[in-house]
Amino acid sequence: MSTPSPIRIAAVLSTEHRGRLMSQAREVNFPESARIFDEGTRADSFWIVRSGTVTLEIPVAGRRPAPVESLGPGELVGWSWLFPPYVWQLGAEAMTPVRAYEFDAATVRMLMDADPTFGSAIGHWVGRVLAMRLQQTRTRLLELYAPRLSSTA
């Protein structure tokens, strides 16, 4: 479920764009088992993990949420902040103590609108994250619900 990410901030954003984004960061900490956000709640912040592990989950009716992906240092936590109606599509929980950079989504969206080059870089980064998370979620749901093939001998 957890593989090295080709979409870590340092691998995707230029030094200039990374610096501009990081100028908006606020350091936060989450204790182990802390809920970072729940599906269906307002997406008004996002985070980049500094240390620790965050698990993304999809709610499953009548069951515990199904883990979709584990995120580590340098990875983006949350993409729903960029797309109206700005509501979380998954849930997130700190699996270990987590240190992270937190960003105010409205402020970052305003910066993106004011500088189209910066906005395009952030939009492409979040789009890549979204595509990867969609694939991870699809794979996880297939693992959970695809009929098991049985061999008869």
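Predicted model: local features only at pLDDT ≥ 70, side-chain atom pairs only at ≥ 80, totals over all residues.
Because Arg 26 belongs to strand β1 and Glu 102 to strand β8, the pair ties together parts that are 76 residues apart in sequence.

The structure holds six salt bridges. Two of them involve Arg 35, a residue that is partly exposed, with a relative accessible area of 36%. One of these links Arg 35 to Asp 38, at 2.7 Å from N to O. Asp 38 is likewise partly exposed, at 35% relative accessible area.

The other links the side chain of Arg 35 to that of Glu 93, with an N to O distance of 3.2 Å. Arg 35 lies in strand β2 (residues 35–37) and Glu 93 in strand β7 (residues 91–94), so this pair ties together parts that are 58 residues apart in sequence. Glu 93 counts as buried, at 17% relative accessibility. Through shared partners, salt bridges join Arg 35, Asp 38, Glu 57 and Glu 93 into one network.

## The antiparallel sheet

Strands β1, β8, β3 and β6 form, in that order, an open sheet of four strands with antiparallel pairing. The edges are β1 (26–30) and β6 (76–77), each of which pairs on one side only. Two bridges connect β6 in the antiparallel sense with strand β3 (residues 45–51), and Val 77 in β6 stands opposite Trp 47.

Helix α3 (residues 105–114) lies across two strands of the sheet, β3 and β8 (98–104), and runs at about 55° to β8.

## Packing of α2 against α4

Two packed helices are described by the angle between their axes and the distance between the axes. Helix α2 (residues 15–22) packs against helix α4 (residues 116–145) at an angle of about 90°, and the axes are 10 Å apart. The two helices, α2 and α4, are therefore roughly perpendicular to each other.

On the α2 side, the contact is made by His 17, Arg 20 and Leu 21; these meet Thr 117, Phe 118, Ala 121, Ile 122 and Trp 125 in α4. Classified by residue type, the contact of α2 with α4 has five nonpolar, two polar and one charged residues.

Note on methods: Residues numbered from 1 in each chain as written. Heavy atoms only, no water. Pairing = 2+ DSSP bridges. Contact = heavy atoms within 4.5 Å. Axes fitted to C-alpha atoms, helices over the stretch in contact; angles between N-to-C directions. Parallel < 35°, antiparallel > 145°, perpendicular 65-115°, else oblique. Nonpolar A, V, L, I, M, F, W, Y, C, P; charged D, E, K, R; others polar. Salt bridge = Lys/Arg side-chain N within 4 Å of Asp/Glu carboxyl O. Buried < 20%, exposed > 50% of the residue type's maximum accessible area, 1.4 Å probe, protein only.
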